[in-house]
Amino acid sequence: MKSNTVRPDRIERDIECIAACNDSTPDLGYSRPTFSNAWAAARDYVIEEALSVGAKSRIDAAGNVHIRPDGRTWDEPLWLSGSHLDSVPSGGKFDGVSGVVMPLELFRALPDPPLELVIFAEEEGTTFGMGLLGSRAWVGRVGCDDLARLTNRHGESYLEAGARYGVDAERLETDRIDASRYRGFLELHPEQGLRLWNENRAVAAVGTINGRRQYRIDVEGRGNHAGSTRMADRRDPLAAAASMIGRIESTGFDLSEECDYTVMTVGRINVEPNAVNVIASRVAFSVDFRSPEGELLEDGENRLRLLLEQISSDRGLRTNIVREDDQPPAPLDADMVRRLADAAESLGIRLPTVPSGALHDAAVVASCLPAAMLFVPSRDGISHHPDEFSRIGDIATAARITAAMIS
Ligand SMILES: [Zn+2]
């Protein structure tokens, strides 16, 4: 019998059962690479739990799981809610998982809820090198060519490795999102930042998901002997990269004054040959640039190109800039945010609106459906780490708000 109440103990059990599906050992955190045994076991757990209370499931051609209550057809327009079960290596228990177990609990608590649960494949991008792959393929923003080109560390493509789990290249072009079957998409996720935890909130709505551009910068100099090459005779790409990185950070500070939550990060650098007594010949580094405002992304890219070219030409070096990813900011649906706020108010909860610095599947789905997100606080802002923690009570509160919105 459905109890009509959300039960935190069942949510907690779901999180622990999914955490037990782990390619790693718990002291090293939780690892569920896409299409691994641990990932498949977690997915099977969610499907079995839903089916045990009266539901049916299908896997789309991109490898995403869809589950609807038995009393609902595949064609009628329902609310869509879900997130992902793949993790970064040595991640935590809550990223993605919270957003899957929340709608799962609603399948238990409500009789035939007007709700489809979705589990997106390869959200993190750490298995196949590109994030949000399952949702991007479902909405048609990546195609067969991309999925055939992207490979995991065993050298298998997304299509090859995914074939065992329902990925079907033949149907990929036709088995795509049909917007007429959905009223809107809601994703619950830990905030992965400090704000809500510090403000001691239970839950918040997301206003906009930051856009993201990522670049690969190659600086080419002249490798030479560190002892016999006079300072004036050097063309050192590592020293150049150091001043570039410093200027990139200052540009990030400047842009964040124009718009809060605008950030620029250099997180990866490779030096050739990376030897103590050799002036480097080549340096490659990454730039990750995010902002809630599209205009600022454009302006920031121009400033980035200008500073790289300037430092490069001052030092007589060659610098190549490649933009590798471009995800525009995704303002979430104002009407859905209002519905969520009303639903929260009916439970006596005031729902603040915050931006999302991290990207989520909701940003992709927002191009096809009205989309919204709920955030629960992350303890001390920590995420992508074994210490990641969100309160079960907050996830239950988000489930109650969602239940009130869809009922
Ligand atoms: Zn996530």
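**Exercise 1. Which residues do ring pairs link into a cluster, and how is the pair of Phe 35 and Phe 128 arranged?**

Step 1. Ring pairs join Phe 35, Trp 39, Phe 128, Tyr 158 and Tyr 165 into a cluster. The model is predicted: local features need pLDDT of at least 70, side-chain atom pairs count only at pLDDT 80 or more, and totals for chains, interfaces and linings use all residues. Residues are numbered from 1 along each chain as its sequence is written, and side-chain values use heavy atoms, with hydrogens and water left out.

Step 2. Rings of Phe, Tyr and Trp (its six-membered ring) pair if their centres lie within 6.5 Å; planes under 30 degrees apart are stacked, over 60 edge-to-face, and the rest tilted. The structure holds ten aromatic pairs. In one of them, Phe 35 and Phe 128 are edge-to-face, with 5.7 Å centre to centre and 65° between the planes.

Step 3. Phe 35 lies in the loop between helix H1 (8–19) and helix H2 (37–52), and Phe 128 in the loop between strand E4 (115–120) and helix H4 (133–139), so the pair ties together parts 93 residues apart in sequence. Helices (H or I, at least four residues) and strands (E, at least two) are DSSP runs, numbered from the N terminus.

Step 4. Phe 35 and Phe 128 are buried. Buried means under 20% relative accessible area, exposed over 50%, and partly exposed in between (1.4 Å probe, protein chains only).

**Exercise 2. Is Trp 39 buried or exposed, and which residues coordinate the zinc ion?**

Step 1. Trp 39 has 1% relative accessibility and therefore counts as buried. Tyr 165, at a relative accessible area of 14%, is buried.

Step 2. The zinc ion is coordinated by His 84 (NE2), Asp 95 (OD) and His 189 (NE2), at 2.0 to 2.1 Å. Donors are N, O and S atoms within 2.8 Å of the metal (3.2 Å for Na, K and Ca); water is not among the atoms, so sites may look incomplete.

Step 3. The sequence spacing of the donor residues is H-x10-D-x93-H. Asp 95 is in the loop between strand E3 (78–84) and helix H3 (97–109), whereas His 189 is in strand E5, 94 residues apart. Both Asp 95 and His 189 are buried.

**Exercise 3. What separates the centres of domain 1 and domain 2?**

Step 1. The domain assignment gives domain 1 (8–210 + 329–406) and domain 2 (211–326); such bounds come from an automatic or database domain assignment.

Step 2. Taken over C-alpha atoms, the centres of domain 1 and domain 2 are 34 Å apart.
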